[in-house]
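Here is a short walk through the side-chain contacts of one protein model. Take a look at the structure first, then read on.

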Amino acid sequence: MKDYSAAERHYRTAMVARRPGTYQRGHALTMINLGKSVAAQRRPEEAVGLWNRSVDFMNGVVSDRGRKEVLTIRTVAAGYRGRGVPGAASLEQRAAELLRV
């Protein structure tokens, strides 16, 4: 539907309602989707920050969907790295390390 600001509001509401330690995979996936919504609104620095936090939550989580999302993060981070977005290079590296596990 491409209503990224509405999606952002939805994901932020979902994150507030969920305790991070309780639903680690769900929290990580919600944060990844929030990052996608923010990135679609041309706020790459904020997206990188959200994705870095989501990678923290994905540590130790075994999930095909999570793995697929981390691959997407890595791809987008590579593009951001090429554009010089701060933090993108380390995000790309962290995502690659998470995928090796």
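Arginine 94 and aspartate 56 form a salt bridge, with their closest N and O atoms 2.3 Å apart. To count as a salt bridge, a side-chain nitrogen of Lys or Arg has to sit within 4 Å of a carboxyl oxygen of Asp or Glu. This pair links distant parts of the chain: arginine 94 is in helix H5 (residues 88-100), aspartate 56 is in helix H3, and 38 residues separate them. Helices here are DSSP runs (H or I, at least four residues), just as strands are (E, at least two), and they're numbered from the N terminus.

Both partners are partly exposed: arginine 94 at 26% relative accessibility, and aspartate 56 at 42%. The scale runs like this: under 20% relative accessible area is buried, over 50% is exposed, and anything in between is partly exposed (1.4 Å probe, protein chains only).

A word on what you're looking at: it's a predicted model, where local features need pLDDT of at least 70 and side-chain atom pairs count only at pLDDT 80 or more, while totals for chains, interfaces and linings use all residues. Residues are numbered from 1 along each chain as its sequence is written, and side-chain values use heavy atoms, leaving out hydrogens and water.

How many salt bridges does the structure hold? There are seven, and here are three of them:

| Salt bridge | Closest N to O |
|---|---|
| Arginine 94 with aspartate 56 | 2.3 Å |
| Glutamate 8 with arginine 43 | 2.9 Å |

Glutamate 8 belongs to helix H1 (residues 4-17) and arginine 43 to the loop between helix H2 (24-40) and H3, so their bridge ties together parts that lie 35 residues apart in sequence. Glutamate 8 counts as buried at 11% relative accessibility, whereas arginine 43 is partly exposed at 25%. Glutamate 46 is partly exposed too, with a relative accessible area of 32%. Through shared partners, salt bridges join Glu8, Arg12, Arg43 and Glu46 into one network.

Now for the rings. Searching the whole structure turns up one aromatic pair. Tryptophan 51 and tyrosine 80 are stacked, 6.4 Å from centre to centre with 20° between the planes. Rings of Phe, Tyr and Trp (its six-membered ring) pair if their centres lie within 6.5 Å; planes under 30 degrees apart are stacked, over 60 edge-to-face, and the rest tilted.

This pair also links distant parts of the chain, with tryptophan 51 in helix H3 (residues 44-58) and tyrosine 80 in helix H4 (residues 64-83), 29 residues apart. Tryptophan 51 is buried at 3% relative accessible area, and tyrosine 80 is buried at 8%.
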